[in-house]
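Dear colleague,

Please read them with the structure open beside you.

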Amino acid sequence: MQGIAGFAQKHDLVVIADEIYSELTYEGDRVSIAALPGMKERTIFLHGCSKAWAMTGFRIGYACGPAELVEAMMKIHQYTMLCAPILSQEAAVEALTNTADTDTMKSAYEERRNFICSSLNEMGLPCHLPKGAFYVFPFIGDYGLSSKEFALRLLDEEKVACVPGTAFGDCGEGFLRCSYATDMRNIKEAMTRMASFVSRLNRTPPVGRR
């Protein structure tokens, strides 16, 4: 982030920081780029309640930034959508004021993260341990299938839904995005089914597999 901050200051750029997952950080201290020297006045900080507080249906978030930028944003915002419902606003105040439930949820996510990463690595799908959010990104590029083909076959044959890595750009080819935002029972069942799928692929390796 210091490198990005230095680049932004050198070229007089504005940084848009989407920090929706910042509370779901498992190792180390989370640091916002807005907190770095010289960045508060050139950062638009975006956040909301949908991830760390599991409030997706409330559709409420917020933006912080230099006054002149926020005022310019408001000229567009006030003519494109209405105010957030009072119910959502009251719920957001409660969420931001009391963090005990968020801490409990983060601990559950961390347990699931450790399990799903371990399971994927054991079945032969290399997977780094993510430091935040609730997704993992295992490598599936050794099986002669594109990310989309792998995901569709896994869904069709084992009824396990994942997202092809290419949904996040061409550099995601060879990877799969798996969410662990569900209970451990579902994750364990999904890993059992996924291991069965990978085992079948191992028994019939495609030509040219590394």
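R200 is partly exposed, at 27% relative accessibility, where buried means under 20% relative accessible area, exposed means over 50%, and partly exposed lies in between (1.4 Å probe, protein chains only). Its side chain meets that of E158 in a salt bridge, at 2.8 Å from N to O; the term stands for a side-chain nitrogen of Lys or Arg within 4 Å of a carboxyl oxygen of Asp or Glu. E158, for its part, is buried, at 12% relative accessibility. The pair links distant parts of the chain, since R200 sits in helix α6 (residues 184-203) and E158 in helix α5 (residues 147-158), 42 residues apart. Helices (H or I, at least four residues) and strands (E, at least two) are DSSP runs, numbered from the N terminus. R200 and E158 also belong, together with R153 and E157, to a network of salt bridges.

Please keep in mind that this is a predicted model, in which local features need pLDDT of at least 70 and side-chain atom pairs count only at pLDDT 80 or more, while totals for chains, interfaces and linings use all residues. Residues are numbered from 1 along each chain as its sequence is written, and side-chain values use heavy atoms, with hydrogens and water left out.

The count of salt bridges comes to eight. Another one lies within helix α6, where E189 and R193 are four residues apart and so separated by about one helical turn; their closest N and O atoms are 2.9 Å apart. E189 is partly exposed at 39%, and R193 is partly exposed at 30%. In a further salt bridge D12 meets R42, at 3.3 Å from N to O, joining the loop between α1 (2-10) and β1 (15-18) to the loop between β1 and β2 (43-48). Here D12 is exposed at 59%, whereas R42 is buried at 15%.
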